[in-house]
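Take a look at the model below.

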Amino acid sequence: MLRFISLLLILSATLSPTLFAQSAALPGHVAAADGRPLAGAHVSVAGQQAGTVTDSDGNFLLTGIPPGTHFLEVSHVGFAARTKEVQVLPGMNAPLQVTLESTAVDMGEVTVTATRARDLVRNIPQAVSVIGADGLFARAPVSVPDALDAEAGIALVRDGIWGTDVSIRGMQRSNVVTLVDGVRIETATNHAAGMSLVDVTDIARVEVLRGAASSMYGTGATGGVVNIITHSGDFAPRLRIGGSVSSSYSSVNNGAGGALSLEAADRGWFLRVHGGLRSAEDARTPDGVLRDSRFHDNSLSFSGGVQLGGAHEFRLRWQRMRAEDVGIPGGESFPPDASARYPDEQRTMLLGEYRSGALGSVLRNFSLRYARQVIDRNVEIIPNPAVTLRPAAEHDMHSVQAAATFGIAEHRGVVGIDAWQRSYEGLRVREIAPSNTVIADLPLPQARFRAVGLFAQDDVSLLGDRLRLSFGGRMDAVHVENDEGYDLQYVIVDGARNDAPPSRRLRWQAEESDELSWSAHAGLLYRLTQELALTANVSRAFRAPALEERYQYIELGGATYVGDPDLAAEKGSMFDIGARCYGERYALRLNGFLRRMQDLVV
């Protein structure tokens, strides 16, 4: 990791001569044809990575733009996207006015970032869809997966009403990379509920990339990517102070919730605070009460940013979501009559990011990010009245990423390096009431999973933008290590604790392993007409087995899961062809795919 940080410092030093290239800011306002301001519209400059969204008054401020003539791209769900030629000059103060015409259907004119390069959905060869804040509000989901249930190729994997994940094109949740503001959610593979630890009232949009995406996001993305982007606030053309409040109620489970957001912004800084609170009882169905379906959670988040001068800015985000007394209706890892719940589960994330705008005619954008995310999971399982199981674990992850965007003629490229490490530490306590005994053992040894990857992607526009080509590749070095671990940690009988019980045995030898993996993708989009386009994609992806799959010994009164330290990495290839047709009153997307997997972990 020290060598990796040194590489980043060298990269930053190499770029330093251009850090103070001349740049300008572009203020503006986006409104519907009837004059009402449009909040949450995506605004970007063609050929640049810099982008933003409009605030609650429809205002935006783009910074770090080189002076000159540019094409401004503005899009919003439910409105036809618009490209407008603008002249950007230093010291601009008059807001640019942009008007969007409403449309009845999704025309693929929403800007997404799930493919690393910011672009409209209709211009991306890969199968991508996006759900905006308006769609989330209309669907009133309990968690993110509920909002994705109606999307093609996505199925829900339920551990309960609250604890839910997704399967993409038949690939299980361990084959789907979930990102929150670009940071991976890495936690247990069984009854994970990772997506449930994101406040749905604080989400700006959710992007879903179907198919193998390891060349963009590294190990694990053999099935696809779910990119969750939260509201973060942004700079404003002039001083703005505002807020919002929302509430909800569901009669099926007496579920109630509320959220409050406060924000302030100016040209040089912004601040945003958001809080949410929800509570629900066991759901009532025509067949009776659904046992252990209750949930209670609360969230708090903070984001802020400052302009560092010229094209440079620094942003900071902090998020915490905590769930208490969340029921788990059932699962094959414990008996069907067992009572199970999460008495306490929490995700905390701190993210710091430096961004630059254009640093010359070729280097369009540079960013450096560091994040730490900790997920604490506590489970209580009562398989029968005599026994109570309390597994608990902490998943601590650090990640660093540096990326730069380049533009040369018809080419727009992204190159970067990212590294992350997940550390696991857990304990399982078994309380046996009749004998007044407490037994503590390890479901996994203390272990660490580290990945360092170099990636590059190039998007090319040819034939007057009728033909779009996308190429990408990635090399990853994966290192996995575990400490020596004994099955029993201690035994307590009638209050007397024994830290070396006679039946104790060594279950895991201290080991470490290294592997080098590569992945790649190529995509093509060809417009037969302005409304009809054909797509084709081919990709090669990999997934290194998770810590649980390598080391676990999970026995909760039902099925027993035993890991294998010698598991080989999954490798897969995918071929995808599709057609897209956009009309004034309809949008049709058709895709067919073939996937081949090797060493699939099941």
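The paragraphs below go from cavities to a surface patch, then to backbone angles and salt bridges.

This is a predicted model: local features need pLDDT of at least 70, side-chain atom pairs count only at pLDDT 80 or more, and totals for chains, interfaces and linings use all residues. Residues are numbered from 1 along each chain as its sequence is written, and side-chain values use heavy atoms, with hydrogens and water left out.

Begin inside. The structure holds 10 cavities of 30 Å³ or more. A cavity is a set of points, on a 1 Å grid over the protein atoms alone, where a 1.4 Å probe fits but cannot get out. Grid points are joined across faces, edges and corners, and a volume is the space filled by probe spheres set on the points. The largest cavity has about 430 Å³ of space. Its lining counts 26 residues (those with an atom within 4 Å of a point). Nearest the centre lie Arg173, Ser174, Val176, Ile185 and Glu186.

Which strands supply at least two residues each of this lining? They are E12 (164-168), E13 (176-180) and E27 (411-432). Strands here are DSSP runs of at least two residues, numbered from the N terminus. E13 gives the largest share, three residues. By class, the lining has 12 nonpolar, seven polar and seven charged residues. Ala, Val, Leu, Ile, Met, Phe, Trp, Tyr, Cys and Pro count as nonpolar, Asp, Glu, Lys and Arg as charged, and the others, Gly among them, as polar.

Now the surface. A nonpolar patch is formed by Leu239, Ile241, Trp269, Leu271, Val306, Leu308, Phe314, Leu316 and Leu350. Together they have about 810 Å² of accessible area, from the Shrake-Rupley method with a 1.4 Å probe, where for residues only the protein chains shown count as cover. Patch members have over 30% relative accessible area and no salt bridge; nonpolar side chains (Val, Leu, Ile, Met, Phe, Trp, Tyr) are joined within 5 Å. Strands E19 (269-280), E22 (295-309) and E23 (312-328) each supply at least two residues of the patch. Ile241 sits in strand E17 (residues 240-250). Its relative accessibility is 69%, so Ile241 counts as exposed. The cut-offs are under 20% relative accessible area for buried, over 50% for exposed, and partly exposed in between (1.4 Å probe, protein chains only).

Two loop residues have a positive phi. Arg169, not a glycine, has a phi of about 50 degrees. Arg169 lies in the loop between E12 and E13 and is buried, at 11% relative accessibility. Leu463 has a phi near 55 degrees. Leu463 is in the loop between E29 (447-462) and E30 (467-482) and is exposed, at 59%.

Last, the charges. Side chains of opposite charge can pair when their charged atoms come close. A salt bridge is a side-chain nitrogen of Lys or Arg within 4 Å of a carboxyl oxygen of Asp or Glu. The count is 42 salt bridges. Asp396 and Arg372 form one, with the closest N and O atoms 2.7 Å apart. Asp396 lies in strand E26 (residues 387-408) and Arg372 in strand E25 (residues 363-384), so the pair ties together parts 24 residues apart in sequence. Asp396 is buried, at 11%, while Arg372 is partly exposed, at 36%. Another bridge joins Arg468 and Asp465 (2.6 Å, N to O). Arg468 is buried, at 12%; Asp465 is partly exposed, at 30%.

Methods
On a 1 Å grid over the protein atoms alone, a cavity is a set of points where a 1.4 Å probe fits but cannot get out, and a pocket is an open set with protein on both sides within 12 Å along at least five of seven lines; lining residues have an atom within 4 Å of a point. Helices (H or I, at least four residues) and strands (E, at least two) are DSSP runs, numbered from the N terminus. Patches are made of residues with over 30% relative accessible area and no salt bridge: like charges are joined within 9 Å, nonpolar side chains (Val, Leu, Ile, Met, Phe, Trp, Tyr) within 5 Å.
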